[in-house]
Amino acid sequence: SDNLASFHAEMDSCQSCHTKPLKVSDSETHENAQCKSCHGDYAELANDKLHFDPHTSHLGDINCTSCHSGHDKPQLTCNNCHNFDMEMPFAETKAKKKWDGAWDQEKIQKAIDKGPVETVDVIVVGAGSAGFNAAISAKMAGAKVVLFEKAAYTGGNSMLAAGGINAVGTPQQKKKGIEDKVEWYYEDAMKGGRYQNDPKLVHILAEQSADAVKWLESLGANLNDLKRSGGARVERTHRPSGGASVGPHIVDTLRKAAKERDVDVRLNSRIEKIVLNDDKSVAGVVVHGRHSGYNMVAADSVVLATGGYGMNKEMIAYYRPTMKDMTSSNNVTATGDGILLAKEIGASMTDIDWVQAHPTIGKDSRILISETVRGVGAIMVNTDGERFIDELTTRDRASDAILKQKDQYAWLVFDEQLVAKKKMVRGYDHLGMLSKGNTIEELAKITGMSKLSKTASDYNKYQAAGKDDAFGRDDMPLNLTKPPFYAVKVAPGIHHTMGGVAVDTDANVLNLQSWKMSGLFAAGEVTGGLHGFNRLGGNAIADTVVFGRIAGENAAKHALEK
Ligand code: FAD
Ligand code: MEZ
């Protein structure tokens with residue numbers, strides 16, 4: 001046997017993986033259950049011979065078949081972002097042509113001509129946080145819902161979210177004695193966005209942010225830890241206790257909540273067309289299934305929750321040519337499909353050319369070093385070891401400042417106190433990204449930062465006095481005194497696409513005349529307007545929950561009232 005499928009067929013026929021009559025489900029649900037029924041769960045597969053265990057990855061409940069493709073060459077999904085050198089069974093299998101290459105207009109048209117094979121009330125496109133929130137909300141409002149996801153796993157960019165979700169007026173803030181106001185949240189977001197945001201959308205985000213956290217908690221999330229993100233005047237970024245990454249936790253919570261509520265989630269299903277009726281209202285979509293080809297599914301409401309375009313090189317080169325050679329922190333799923341689908345049927349776009357560079361992506365990698373590492377206490381220095389900006393400024397300013405330094409990269413420097421407070425830093429260590437010294441002098445020597453010792457000693461004085469004489473940083477929770485000391489090399493990279501589909505406050509997509517397109521809704525990173533020219537850390541996940549829910553509820557209402 002030269003591939004996984006023939007190996008199983010020889011062993012126990014095709015039915016060891018597939019059902020009879022031989023049929024592959026689009027989500028490969030049956031096939032994945034079969035893998036686990038013989039091989040056990042991921043925990044049972046943990047292998048201490050491996051330095052990195054792919055079966056306990058932060059991707060959460062990824063499917064077996066996302067990596068071990070039966071008839072095709074296996075692919076280590078982790079290597080979409082990492083460079084793990086890992087042997088996989090049947091690695092010599094010949095690779096087949098990618099199923100999800102260019103959109104085939106002829107097949108799309110044939111599916112439309114054939115007519116719908118299925119009818120539901122609400123179709124949600126994209127299973128990241130916005131999509132899950134929309135689908136669960138629509139289902140809870142009584143609609144028949146299907147959530148289509150093009151990838152072999154759910155989560156999109158959402159499951160990579162690191163720092164947290166912003167909210168004002170939560171019990172968490174109250175417990176910590178943090179005074180905050182809806183108006184302050186609003187003002188911070190507007191200022192961060194260079195006042196180019198849609199004020200009506202920002203008001204809704206601020207007003208409903210606490211409720212978004214409460215809703216996630218009601219679904220089982222833990223968001224008890226609080227930190228400050230760049231551009232925020234107080235601590236309002238919520239994340240799991242111990243400072244674990246927020247994205248995998250939220251997506252896992254949403255996956256379970258969707259399952260408990262019988263939301264129909266279908267993987268390997270790419271939407272390639274939004275179909276309109278003659279009166280321009282939504283008629284449904286054409287879905288291209290990995291195993292089922294092209295079909296039209298009818299629905300009165302469609303919610304676009306396809307995320308941004310941070311991994312679409314052509315779109316970046318077109319809209320933001322200056323960033324075309326930059327690395328990206330994004331998941332490979334962030335291909336801008338929703339923008340293309342909506343544009344094609346006459347939707348209007350807002351701020352489409354605004355792309356955010358995150359200042360601290362691991363240099364020469366795609367791994368984000370969370371902004372909250374600075375929020376918890378790290379300092380940022382140049383290659384000589386000198387600070388050059390208030391570490392808590394907004395991302396656009398921090399990125400610009402790094403690009404003005406020699407060699408266009410910087411170091412984040414922190415000590416053991418920070419590691420104890422921030423679980424995710426252990427992950428960076430695990431990935432071999434940290435330089436370590438038992439003294440600041442040793443760290444300076446290893447990294448070549450000749451002025452680091454003086455910088456650390458000055459910073460410790462500012463921290464003790466509670467006043468940063470050098471750059472006016474107004475929150476310095478930690479000093480640099482507890483060995484070992486750490487440094488990680490960082491450089492700016494594409495992180496968020498602020499622009500996208502134009503929407504109103506009810507998540508209706510707007511056409512070129514700014515009229516709502518009947519039955520078409522959008523939420524999350526696919527939309528534009530909320531964040532203006534620069535998004536603040538923690539506001540995207542808040543966006544996906546607040547507007548995901550609004551989109552889902554309104555999509556259900558529209559379909560059920562029709
Ligand atoms: P996504 O989560 O990207 O989901 C979109 C989904 O749609 C994907 O699964 C995709 O495969 C699917 N899809 C796309 N096209 C199609 C199609 N044609 N058919 C079917 N499915 C399709 N924000 C914060 O607020 N706090 C943070 O701490 C934070 N950290 C971040 C860290 C990283 C590394 C990154 C990359 C982003 C971070 N962000 C953070 C930003 C935030 O995660 C995203 O903006 C947000 O999660 C986007 O959610 P979404 O649901 O709109 O899209
Ligand atoms: O909102 C974000 O993108 C964010 C908080 C990222 C991070 O640095 O953790």
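## Helix H17

In this predicted model, helix H17 runs from residue 452 to 465 and holds 14 residues. From first C-alpha to last, H17 reaches 20 Å. That is close to the 20 Å expected at 1.5 Å a residue. Just after H17 comes glycine 466, with a positive phi of about 70°.

Which residues of H17 are buried? They are Leu452, Thr455, Ala456, Tyr459, Asn460, Tyr462 and Gln463. Seen down the axis of H17, these buried residues fall within an arc of 165°, so they line one face of the helix. An α-helix has 3.6 residues a turn, so residues three or four places apart point the same way.

## Around ligand 1

How many residues surround ligand 1? There are 39, and the closest are Glu149, Ser158, Gly163, Glu525 and Ile541.

Oxygen atoms of ligand 1 lie by polar atoms of the protein. A polar backbone atom of isoleucine 541 is 2.7 Å from one oxygen atom. For a polar backbone atom of alanine 130, the distance to an oxygen atom of the ligand is 2.9 Å. Histidine 496 uses its side chain: a polar atom there lies 3.4 Å from a ligand oxygen. On its own, ligand 1 has 1,000 Å² of accessible area, and the protein covers 98% of this.

Helix H5 (129–140), strand S8 (269–276), strand S17 (485–497) and helix H18 (539–561) each give two or more residues to the shell around ligand 1. H18 gives the most, with four residues.

Methods: Residues are numbered from 1 along each chain as its sequence is written. Chains are lettered from A and ligands numbered from 1 in the order in which they are written. This is a predicted model: local features need pLDDT of at least 70, side-chain atom pairs count only at pLDDT 80 or more; totals for chains, interfaces and linings use all residues. Side-chain values use heavy atoms; hydrogens and water are left out. The expected span of a helix is 1.5 Å times one less than its number of residues. Buried means under 20% relative accessible area, exposed over 50%, partly exposed in between (1.4 Å probe, protein chains only). The arc is that of the directions from the helix axis to the C-beta atoms. A residue is near a molecule or strand if one of its heavy atoms lies within 4 Å of it. A polar contact is a pair of N or O atoms within 3.5 Å; within protein, one must be able to donate a hydrogen and the other to accept it, and residues adjacent in sequence count only if both atoms are side-chain atoms. Accessible areas come from the Shrake-Rupley method with a 1.4 Å probe; for residues, only the protein chains shown count as cover.
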